[in-house]
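The sequence and model are shown first.

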Amino acid sequence: MQKQARAITTNQIGIHPNLEKVVSRHLATSSQKPFSEHTQVAFKQTMQWLNGWQGPIILDSCCGVGESTTNIAASHPEAKVIGVDKSALRTDKHASYAADLDNYLIVRADLNDFLRLLVLEGIQLYKHYLLYPNPYPKSAHLQRRWYATAVLPEIIKLGGQLQVRSNWRLYIEEFSKALDIAQVNNTVYEYTSDSAMTPFERKYWLSGQQSWQVTAELPTA
Ligand SMILES: C[S@@+](CC[C@H](N)C(=O)[O-])C[C@H]1O[C@@H](n2cnc3c(N)ncnc32)[C@H](O)[C@@H]1O
């Protein structure tokens with residue numbers, strides 16, 4: 001039997017008071033951090049796999065074991081789908097979720113670097129999924145949440161339809177607020193479906209939790 005997923009507990013009440021300041025600072029600067037060696041290698045392999053592909057590209061960020069990546073690849077045969085996760089423990093389990101499709105790739109890499117490399121390469125996305133990123137619910141950990149990291153500008157520059165999903169409503173509301181600050185129109189809603197797309201989604205729904213989503217059509221850079 002599957003373990004019950006605990007609901008988010010946080011010491012934060014409402015939108016973080018520093019959100020606007022942090023997001024505005026990241027939007028005004030660009031990260032100069034050196035790229036990690038392993039992500040550069042993974043990025044090169046990804047570019048080789050894309051092999052100059054001119055059709056639609058979909059990114060499944062924080063793909064975990066890559067179940068969502070195969071689901072997306074199956075429903076978008078016209079696209080090439082890249083699932084990225086930093087955890088070898090998760091990506092190594094992909095074999096149990098693999099599908100007999102040749103339009104997807106699972107990559108182990110740190111998205112803090114991978115997203116910057118994609119932008120530098122001039123890649124534009126058709127769709128970008130970010131499903132159940134680690135929420136970091138402690139107030140002091142605001143800057144670990146994707147919308148409050150230094151790669152928010154890259155997330156926006158990559159373009160395409162962004163879909164971010166979480167079982168923590170405040171995460172999605174803060175993501176929406178960060179997009180507002182970046183002057184990107186977005187929509188927040190409760191996400192429901194007949195079938196779960198990822199293991200975390202399944203776990204949350206089985207324990208009676210809801211999912212929230214923010215969606216944005218990011219402008220082409
Ligand atoms: C809560 S899990 C969700 C996994 C999957 N999307 C799902 O719904 O089953 C969050 C995932 O984000 C990945 N992650 C966190 N920070 C990352 C980073 N900087 N680069 C790549 N993956 C990261 C973790 O390794 C983990 O697999």
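## Overall build

In this predicted model, 41% of the 221 residues in the protein are buried. The protein has 8 helices and 7 strands. Its radius of gyration is 17 Å, close to the 17 Å given by the globule rule for 221 residues, so the protein is as compact as a globular protein of that length.

Taken along the principal axes, the C-alpha atoms fill a box of roughly 45 × 45 × 30 Å. Of the contacts with a separation of 6 or more, 78% are between residues 24 or more positions apart.

## Strand β1

Burial here means 20 or more other C-beta atoms within 10 Å of the residue's own.

In a regular strand, side chains alternate between the two faces of the sheet. In β1, Ile 57, Leu 59 and Ser 61 point one way, while Ile 58 and Asp 60 point the other way. Both sets are buried.

## Neighbours of β1

Which strands are joined to β1 by bridges? Strand β2 (residues 80–85) runs parallel to β1 and is joined to it by 5 bridges. Strand β4 (residues 127–131) is also parallel to β1, with 4 bridges between them.

Ser 61 takes part in both pairings: its bridge partner in β2 is Val 84, and in β4 it stands opposite Leu 130.

Helix α3 (residues 67–75) forms a right-handed β-α-β unit together with β1 and β2.

Terms used:
Residues numbered from 1 in each chain as written. Predicted model: local features only at pLDDT ≥ 70, side-chain atom pairs only at ≥ 80, totals over all residues. Buried ≥ 20, exposed ≤ 12 C-beta atoms within 10 Å, placed from the backbone. Helix = DSSP H or I, 4+ residues; strand = E, 2+ residues; numbered from the N terminus. Pairing = 2+ DSSP bridges. Right-handed = clockwise from strand over helix to strand, strands pointing away. Rg over C-alpha atoms; globule rule 2.2 N^0.38 Å. Contact = placed C-beta atoms within 7 Å.
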